[in-house]
Every structure is written in C-alpha cells, then in structure tokens.
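Keep the viewer open as you read.

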Amino acid sequence: DEIVQRVKDPPQELREILAREAEGNPFYLEELVKMLLDQGVIQRGSQADAPWRIELERLQGMKLPDTLAGVMQARLDGLPEAEKDVLRRASVIGRLFWDRAVDYLGEGSKSQKSAASLEQVWPSLRTREMIFHRERSVFKNSEEYIFKHALLREAVYESVLRRLRREYHKRAALWMILESTGRSGEFAGLIADHWSLAEEPTQEA
C-alpha cells in the first residue's frame, strides 16, 4: 500500500502480483515497482502531484524476474544507451563517484557524450533513483554521486568489458592524481586500487 500509494485504487491483480513476487523482501518490491514504472506498466501523472495509473494489459503475460539481481538487470537493460554508458564508467570509479571523473574516463572514446548531453543524463538517473546526489563533494568543481545500492553498482560493473575496465581504472587513477594535488595521501589507497585493477603494477608501486 505504501509503495503504490500514488496509484488511485490499485487493482487487486497488481497487489497480488507484487506481494507474491516480493515474498516479503522490501528492496525487491521497491525495485520491481520501479521496473514497472520504467516499462510503462505504471504510468506517472502529468503533474508532480497527479495520481499514477496502471496499464494492466502491459502487465498481462509479462515475465517478471524472480531475483533482485534479475530485476536490476532488467532495469539496466531498458535504459537509453547514453545512461548505460555513464553508469558503466561510474561503476568503475566505485559506488561513490564524481561527474567530472566519469567525463574524464570517456574522453576520446566513441561513446563520449557532450557536456550538454551529460547534463540531461544525471537528472534522469536520479529520477529513476539509480543514483543519489550528495550535497558535498571531496573534489572541488565536481558533483559527487553514489549508487543507490552496492548490488546495483556491481551489476553495472560486471557489464563492462574487461579491456575497457583496465583502461577506465587507469584513467580513474590519473584523474584522482590530477584532482588531489596537495592531498595525495587522502586518496593514495583509492589510487593504488585503480592502478592494480588497471594491471599497472609499476605505477601502483
């Protein structure tokens, strides 16, 4: 009732499906509802305070993932490519990441998006509640974000090609070195981790 409270008179069929599939797991239930929002089964109102509505015909015959990991993967699969690309790069940086670092990892790549495009990606990912914005950032002139859940970050990270992972970790280390001038001791552990994952032992040393 709490999670679908913005739906006026939720149909009993929806209640039964959510209760049956979630089996008492609140996080799974929350992610399942968000997946149904992503896929248009639950339609948001046109105004911020408008009630949501249900498209039951879209729900009928839909195969719902039976695990939390499956729900997360379904949500990721349904994202626009620009949002997937940003999340992949962010996942390499860590559960906690920075917008300028994500941009730096993509410099020179075919998948790099313009600054204007990225400005549209961040609000969309926040609306989907895949990431949250943090009020303060440890890096000057960078916005700091965090993946909603460590499991989500891991699911995204596993989708990054190993060749790209190494390159991204290398660039993450370089970005942190550039941005932590005078504070290298604070980030020495993170930088070393990225060098190690980039398979650059000489740099790690």
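A residue is called buried when its relative accessible area is under 20%, exposed when that area is over 50%, and partly exposed in between, using a 1.4 Å probe and protein chains only. The model is predicted, so local features need pLDDT of at least 70, side-chain atom pairs count only at pLDDT 80 or more, and totals for chains, interfaces and linings use all residues. Residues are numbered from 1 along each chain as its sequence is written, and side-chain values use heavy atoms, with hydrogens and water left out.

**A lysine and a glutamate**

K148 has a relative accessible area of 16%, so this lysine counts as buried. You will find K148 in the loop between β5 (144–147) and α8 (150–158); helices (H or I, at least four residues) and strands (E, at least two) are DSSP runs, numbered from the N terminus. Which residue does the side chain of K148 meet in a polar contact of 3.5 Å? The partner is the side chain of E31. Such a contact is a pair of N or O atoms within 3.5 Å; within protein, one atom must be able to donate a hydrogen and the other to accept it, and residues adjacent in sequence count only if both atoms are side-chain atoms.

E31 lies in helix α2 and is buried too, with a relative accessible area of 3%. Leaving out residues up to four places away in sequence, E31 touches L68, V71, R75 and K148, where contact means heavy atoms within 4.5 Å. With the same exclusion, the neighbours of K148 include F27, E30, R95 and F132.

**Rings and charges**

Rings of Phe, Tyr and Trp (its six-membered ring) pair if their centres lie within 6.5 Å; planes under 30 degrees apart count as stacked, over 60 as edge-to-face and the rest as tilted. The count comes to eight aromatic pairs. In one of them, the rings of F97 and F147 have centres 5.2 Å apart and planes at 55 degrees, so this pair is tilted. It links distant parts of the chain, with F97 in strand β3 (residues 96–98) and F147 in strand β5, 50 residues apart. Both F97 and F147 are buried, and ring pairs join F97, W122, Y145 and F147 into a cluster.

Charges also sit over rings here, as the table shows; the rule asks for NZ of Lys or CZ of Arg within 6 Å of the ring centre and within 35 degrees of the ring normal.

| Charged residue | Ring | Distance to ring centre |
|---|---|---|
| R165 | Y157 | 4.5 Å |
| R171 | Y104 | 4.4 Å |

**The core**

A nonpolar core is a set of buried Ala, Val, Leu, Ile, Met, Phe, Trp, Tyr and Cys residues joined through side-chain atoms within 4.5 Å. The largest one has 57 residues, of which L36, L87 and F97 touch the most other members. Helix α2 (residues 26–38) gives the most to this core, with seven residues.
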